[in-house]
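Please open the model in your viewer and keep the sequence beside it. The tour below starts with a single residue and then widens to the whole chain.

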Amino acid sequence: MSEEELALLRQTFVVAHQAREHGNHPFAAVLINTNNEVVLTAENSVVTDADTTAHAEINLIRAATPKFTPEQLGSFTLYASAEPCAMCASAMVWANIRNVVFGLGVDKIYAMFGDTGDAPVLVLASREIFKHAPWPVKVHGPMLEEEASLPHADFW
């Protein structure tokens, strides 16, 4: 990946820190258009919204779908601070998001949860969802995992 693309991924880590500062789980997503411009950012708001589905990627998709056509979303890239869960990956397919870049991989995420009770009940890598999409979904990740884990330090 280019330095510009890595900088975009690093932006998700900044937003993940913000989610944590706002009292939520430290996850974030950023939507990039075809000119590599940030068009939307979203953070996890599970705690503050009292909504178990308010993951960063879902919040981003909820904001993006009224603003952009499916064709536009198919050409954009969603950057996530961590690998999307099965729910979020499925929502990306429904929203026609075909390019995904993520930081922290699913194995490292689950290892962080330990026995806190915060681990998802459905352990499934995003690529397993994406391979069943009716079109190819390009996935890059995990990437920059050490940096991606910093928002989670002493959180779980």
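A residue is called buried when its relative accessible area is under 20%, exposed when it is over 50%, and partly exposed in between, with a 1.4 Å probe and protein chains only. This is a predicted model, in which local features need pLDDT of at least 70 and side-chain atom pairs count only at pLDDT 80 or more, while totals for chains, interfaces and linings use all residues. Residues are numbered from 1 along each chain as its sequence is written, and side-chain values use heavy atoms, leaving out hydrogens and water.

Select Glu57 to begin, which sits in helix H2, residues 56-64 (helices are DSSP runs of H or I with at least four residues, strands are runs of E with at least two, numbered from the N terminus). Which side chain of opposite charge is nearest to Glu57? It is Arg62, 11 Å away, and Glu57, although buried, has no salt bridge (a side-chain nitrogen of Lys or Arg within 4 Å of a carboxyl oxygen of Asp or Glu; Lys and Arg count as positive, Asp and Glu as negative, and His and the chain ends are not counted).

Next, show the residues that Glu57 touches, with heavy atoms within 4.5 Å: leaving aside residues up to four places away in sequence, these are Ala29, Leu78, Ala80, Ala82, Pro84, Cys88 and Met92.

Now zoom out and colour by secondary structure, where the protein chain shows seven helices and five strands, running from the N terminus as α-β-β-α-α-β-α-β-α-α-β-α. Its C-alpha atoms fill a box of roughly 40 × 30 × 30 Å along the principal axes, and buried residues make up 49% of the 156 residues.
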